[in-house]
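Dear colleague,

Please find the structure below, together with its sequence.

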Amino acid sequence: MPTAIAVTGADLALPPQDERTLPATVLADLDRQPLEESVAAFQALLDAHGHVVVVHSSAVPPAVEQRLHTVRSLLESDRIALFRPDLPPLAVAVLARQLRQLASCDLGPGVLASAARLLTHYLHAGALLGSVARLDRVPVTLTSHARSWVPGSQFAVLAHPQPQLVRAAPGVTLPGPEFGTWMLVGRGQLPPDWVTGTLVPSWRAQGLRETDAPAESAVWWGTPRLVEFCAYLADLSVLYQLVTSVRQGTCHWCGMDVIGDRCVFCSATPPPPEGTAQPAHPAGPARAVPPARPVRELTAGGG
């Protein structure tokens, strides 16, 4: 019973990378459907898969993120992991697909969910932009802001792993990965010539695929005049070796096997070493209080 990998929009459910890539569960219109429908959908996923990992962008509408946390709280479930990486939307879609590849392997749900953090270190993500006037995800100089108002200006921006911004021109490129990757290009409202003609050869991509940029890309980058790109590890055997080569531990709170220092499902961190002063009333991760019926949406103000 493989862990379900869910995304918050159909444009984040990329086509399979290989024959073992499992389908993504698309949680569409969470902010528009009745709360009871959202709860029922998640309960059905838990019944069918046991555990659910939801990968979503930081550019998702606030109401969608609120609904995700509300449903998780109402179900009082440590079997739902919500992961919001600090990545552009196209890279979020790539990461979700890598998890879909790994979901077909013999990895426990805790290790699979923890692998999301690990795999972000091997993504190189950015965009070609027609304007940086509204870009707040990457440091932008006053000179670049001024140049963005010049007609025809284009900027190459690397958002991850190390932010960098240059003015796009023939022969000008960005620092790329030092290992073999594929490149995914998300088409927007700019021609992809610089990306496909300059960046892809300089990064020595082993393969190139194209898709449409996710709808959230315009929000994340501050403009629809863009071409998004992401370099990533495509081979399942390489992904599996990366994940299984990392030391695993057991979450002291929920007992799940994990990698890293935080359980993605229950949010517990390792206890302090023996001999370290402990709080007078140590507590584990906060657990939801069963709601009164009928169910009401949780809000920031607690109403």
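Strand S6 (residues 155-160) and S7 pair in the antiparallel sense, over four bridges; strands are DSSP runs of E of at least two residues, helices are runs of H or I of at least four, both numbered from the N terminus, and two strands pair if DSSP finds at least two bridges between them. Within this pairing, Leu158 has Gln164 of S7 as its bridge partner.

The model is predicted: local features need pLDDT of at least 70 and side-chain atom pairs count only at pLDDT 80 or more, whereas totals for chains, interfaces and linings use all residues. Residues are numbered from 1 along each chain as its sequence is written, and side-chain values use heavy atoms, with hydrogens and water left out.

S6 and S7 belong to an open, mixed sheet of six strands, ordered S7-S6-S5-S10-S8-S9. Strands S7 (164-167) and S9 (208-212) each have a single partner strand, so one side of each lacks a neighbour in the sheet. On average, neighbouring strands here are turned by 20° against each other, direction ignored. Helix H3 (residues 89-102) packs on this sheet and touches S5, S8, S9 and S10, its direction making about 30° with that of S10. Contact means heavy atoms within 4.5 Å; axes are lines fitted to C-alpha atoms, for helices over the stretch in contact, with angles from 0 to 180 degrees between N-to-C directions.

A further open sheet has four strands in parallel pairing, in the order S2-S1-S3-S4. Its edge strands are S2 (25-26) and S4 (80-83). Four bridges join S1 (residues 4-7) to S3 (residues 52-55), and Ala6 stands opposite Val54 in S3. Helix H1 (residues 35-49) lies across S1, S2, S3 and S4, at about 130° to S3.

Yours sincerely
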